Amino acid sequence: MKSFEYCTAEMRWLFASLLLALLSVVHARSFNSSRLLVVTEEITEKDKYSTFWGDLESRGFSLSFASPKSPDLSLFKHGALAYDHLLLLPSKSKGLGPNLTPNMLVNYINANGNILLALSADQPTPPAISSLLLELDIFLPPDRNALVVDHFNFDKASAAEKHDVLLLTSPKPLRNGVRNYFEVDGSIAVPRAVGQVLGNASPLLAPILRAPSTAYSYNPKDEAEAVEELFATGSQLSLISAFQARNSARFTVLGSAEMLENKWFDAKVKSQSGVEGATANRAFAEKLSAWTFQELGVLKVGRVEHYLNEDLPKGTANSSEVGFLDLNPKIYRIKNDVHFSIEISEYVFTHLVPFTLPPTDELQLEFSMLSPFHRIPLVPTSRTANSTVFTATLTLPDQHGIFNFIVNYKRPFMTNIYEKRTVTVRHFAHDEWPRSFAISAAWPWIGGIGVVVAGWVAFVAVWLWSAPAEDGLRKRN
Amino acid sequence: MRLPSSLALAALAFSSACLAASWSFDDATLTVSSKGSGADGGVKEKLSPNSPSSKAITLPAVDTLKIVLTATEGSTGKRPHQAFLTLHEPTTGLEESFPFSLKENGKGKVEVTQKDLPYQLLTSASPLRASLILASFGSSTPYASHAFDLTLQLDTTAPPTAPTTPERYTPKPVINHIFKFQETSGPRVISFFFTLAVLAMLPVLFGAWALLGANVDHLGKAFGSAPIAHGLFLGSVLAMEGVFFMYYTSWNLFQMLPVAGVVGTVAYISGSRALTEVQERRLAGER
């Protein structure tokens, strides 16, 4: 048979080396999930933030810079994300260009991309941005020129007259049970910020940094003399707002782009009471960008296991020998004792650490058909090198049907966890009911049966082998 | 009242390096009145910048709270950029500010009714802290001080409509399934008593039979003439009871039926021979 070799030895070598080179190039690009695109109109402006870029690059992000007007700017490439994160700096023009329409930004978030949007009071906010934020239930002042001032908490060193550089303390936890990822040592300078008001209805919104109670937002062009109609005041003004979508993609609205500039990273500031110090803007910018770009507050679920917790073979009481157990069975019986465990880690900058619940918070397990029959807390029982194992034991309800083990843990600033495992719960089989001799109320009846049996056998014996009764008795009858 | 404060200001001016004026107010009056009552009805109170009013102010449902004042920078009346009446709810920390409408010389007023207040402040359990804030650009010291405490008298016939509770991501209430009623047996003592009572009937039965003359006198004779038949028959009767006992405790039907068949056959065959022997005794007149 004539076999034609289309691959000589040399060609094979060439092919292999080419493939290897190609693979390495592909390897370098596809495993890099830290591609950050910075969109800024003036490329010269980006030098003002060079310390911030340096910090991001040292954490492993690969930055690209583009102008919104550039024609080949696209967030998507071949149907997948071209960049994992997006940072939008304030632009002077009316919109963000044809490649960054609000619709495309929403699609970007739905595809798990994270966005950090920076606003500035120096430039009017484009209407496209206002309408995008309105979709997320974040309200910007209706005047496109808006500035947050505080005559009580300003930086005397730089804004003694205008009071438009706010000096704030580190933000506190949002409420009881929510972890604070943005705590820094020192005060934070927020120059020329645009205040936002968050809608009350959405659970996906959370303020990261609120204005102090004496702050207010006004329009410097129209309301220079006195402010009569207020957009919002005090802690209702959110200077930095966070939106976490249901797929855990993050959108942060930063009211003051200027607080990321080099000169504010270690500026010397003087508070109203005369206390001098340096700002903690660099540390705060690190925490803010880390949260937005999924380096902080990211939870990962490991193994989810459930098994029957009764009639264990002798000697496996603590069940470290998993081989004895039927792990994650598909079917249980009503009123079985079941043990459930879930392994959760938290990703902190570069590695996974065991997840600890914030104090007063609870991780709950639901055992539900259409609505929960059980909702019980999961307690941390053991720890591995990079995860915590939370367990709970429960008695299955006396209702048969198709049930789900659901761990639904959604909290502000943490990725959403929703784990569902479906099991069938059957009723008692005919031979699983308690036997009658185990039921104490049945003993008289069982005794009665025994008496009947004994009496019957005795009767048979008497009938077969009896002699007629004595004369005395018969005569009496 | 004004003389010592201006003296203090002058002292400050000499002692501090720079002459810093400070915001304050004068001629402040607070009135709570309803529309028709005019200037005579309602509450009227003077407010002082240095100390909060000791009297607790109540705002009924239809009335208006009005504060009239003249804002001053140093000693001259002037309009500050920020002139707010801030109502602060102590338990939740929520607050709302109402701006004054002031003229150039600092004179002006603010009016607040219950309609202007958000639900959370309206339904506060403790009095609201009202503060006056006067501040502006520049280097003058701003003024913010607690002015009075405000209690709200809600209209009981038309309570404020609660807004729908917003969804927040918090732990949900714990649910423990309540199981259906489980049948339990009564006290074991009673079971024991009645079991013993039933078992005691057996000797009573035998006793009654004995009284009536029951006996097994022909046992020897029967076994003498047909030992295998009677032995097998009695054995098979006992064995059948044994089969029933095994079926009750552990065997299933398919294990029990063959054995019962064998035992039954033995009982039939041996029984018919045993009955023949009994018939012989009957014919002999012994029964």
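Predicted model: local features only at pLDDT ≥ 70, side-chain atom pairs only at ≥ 80, totals over all residues.
Reader: Hi! Where do I start with chain A? What is its secondary structure?
Author: Welcome! Chain A has eight helices and 26 strands. Its 477 residues include 51% that are buried.

Reader: And how much accessible surface does chain A have?
Author: About 23,400 Å², and carbon and sulfur atoms account for 57% of that.

Reader: What about contacts along the chain, how many join residues at least 24 apart?
Author: In chain A, 72% do, counting contacts between residues at least 6 apart in sequence.

Reader: Can we look at one? What does Asp55(A) pair with?
Author: Its partner is Arg282(A), and their closest N and O atoms are 2.8 Å apart. Asp55(A) sits in helix H2 of chain A and Arg282(A) in helix H6 of chain A, so this pair ties together parts 227 residues apart in sequence.

Reader: Is Asp55(A) buried or exposed?
Author: Asp55(A) counts as buried because its relative accessibility is 16%, under the 20% cut-off. Arg282(A) is partly exposed, at 40%.

Reader: Which residue forms a salt bridge with Glu295(A)?
Author: That would be Arg59(A), with the closest N and O atoms 3.0 Å apart. Glu295(A) lies in the loop between H6 and strand S18, and Arg59(A) in the loop between H2 and strand S2, so parts of chain A that are 236 residues apart in sequence are tied together. Glu295(A) is buried at 5% relative accessibility, and Arg59(A) is buried at 18%.

Reader: What about Arg192(A), where is its partner?
Author: Arg192(A) meets Asp164(A) in a salt bridge of 3.3 Å, N to O. Asp164(A) is in the loop between S8 and S9 of chain A, while Arg192(A) is in the loop between strands S10 and S11, 28 residues apart. Both are buried. Salt bridges that share partners also join them into one network with Glu45(A), Lys48(A), Glu258(A), Glu261(A) and Lys263(A).

Reader: Switching topic: what does His151(A) touch?
Author: Residues from both chains, including His163(A), Tyr216(A), His81(B) and Phe137(B). His151(A) is in the loop between strands S8 and S9 of chain A, and it is buried, with a relative accessible area of 1%.

Reader: And His218(B), which residues is it in contact with?
Author: Among them are Trp465(A), Pro468(A), Arg281(B) and Glu286(B). His218(B) is found in the loop between helices H3 and H4 of chain B.

Reader: Let's do strands. Which strands does S1(B) pair with?
Author: S1(B) pairs with S4(B) in the antiparallel sense over nine bridges, and Phe25(B) stands opposite Ala71(B) there. Five bridges join S1(B) to S2(B), also antiparallel, with Thr29(B) partnered by Lys46(B).

Reader: Last one: which residues make the nonpolar surface patch?
Author: Trp456(A), Phe459(A), Trp463(A) and Leu275(B) make it, and it covers about 430 Å². Helix H7 of chain A gives the largest share, three residues. Leu275(B) belongs to helix H6 of chain B and is partly exposed, at 44%.

Terms used: Residues numbered from 1 in each chain as written. Chains lettered and ligands numbered in written order. Heavy atoms only, no water. Patch = residues over 30% accessible without salt bridge, like charges linked within 9 Å, V, L, I, M, F, W, Y side chains within 5 Å. Areas by Shrake-Rupley, 256 points an atom, 1.4 Å probe, with all protein chains shown as cover. Salt bridge = Lys/Arg side-chain N within 4 Å of Asp/Glu carboxyl O. Helix = DSSP H or I, 4+ residues; strand = E, 2+ residues; numbered from the N terminus. Buried < 20%, exposed > 50% of the residue type's maximum accessible area, 1.4 Å probe, protein only. Contact = heavy atoms within 4.5 Å. Pairing = 2+ DSSP bridges. Lists of a residue's contacts leave out its neighbours within four places in sequence.
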